[in-house]
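Thanks for coming. I will go through one structure today, beginning with a charged pair and ending in the core.

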Amino acid sequence: ILIVGEIRNPTEYLVELAETKEFKDNTIDTAWLDNLIAQKSVNVKFNVTDMVFYGACLKSFLHMKAAKAEIVDGIKRGHLPLETTLSSMQSFQVEIAYNSVKYNFQVTCTSPDTVTL
């Protein structure tokens with residue numbers, strides 16, 4: 001299946017929609033979709049471990065991006081990077097909360113484009 005469009009949905013969700021009787025019988029319209037959304041009748045189960053891990057990866061990436069921007073900004077203004085900024089890029093903590101459970105990750109930069117969680 002190749003799904004192309006501007007609306008971003010997990011492929012699993014679209015597969016669930018395609019497997020409904022109405023979709024197979026081609027009796028669908030926007031009211032049908034609105035009703036499914038309102039009833040939340042199409043559920044896609046996500047692996048909690050994967051979601052938490054991907055969230056930690058995203059937060060790690062955003063942290064590194066912000067730290068790099070801070071360093072570049074300082075260099076442009078003629079300042080050397082602070083040791084705290086440099087060390088915060090080498091190793092830092094990331095916390096993700098999901099369903100009232102906190103997950104803590106230690107992130108370590110192992111190369112310019114690689115981190116270890």
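Lys102 is exposed, at 58% relative accessible area; exposed means over 50%, buried under 20%, and partly exposed in between, with a 1.4 Å probe and protein chains only. Before going on: this is a predicted model, where local features need pLDDT of at least 70, side-chain atom pairs count only at pLDDT 80 or more, and totals for chains, interfaces and linings use all residues. Residues are numbered from 1 along each chain as its sequence is written, and side-chain values use heavy atoms, leaving out hydrogens and water.

Which side chain does Lys102 meet in a salt bridge? That is Glu95, at 4.0 Å, N to O. A salt bridge here is a side-chain nitrogen of Lys or Arg within 4 Å of a carboxyl oxygen of Asp or Glu. Glu95 is partly exposed, at 38%.

The whole structure has three salt bridges. Another joins Asp25 and Lys21 at 2.6 Å, N to O. Asp73 also pairs with Arg77, with the closest N and O atoms 3.2 Å apart.

Now the core. The largest nonpolar core has twelve residues, among them Val52, Met64, Phe92 and Cys109. Such a core is a set of buried Ala, Val, Leu, Ile, Met, Phe, Trp, Tyr and Cys residues joined through side-chain atoms within 4.5 Å. Helix H4, strand E1 (91-98) and strand E2 (101-111) each supply at least two of its residues, and H4 gives the largest share, five. Helices (H or I, at least four residues) and strands (E, at least two) are DSSP runs, numbered from the N terminus. H4 itself covers residues 48-76.
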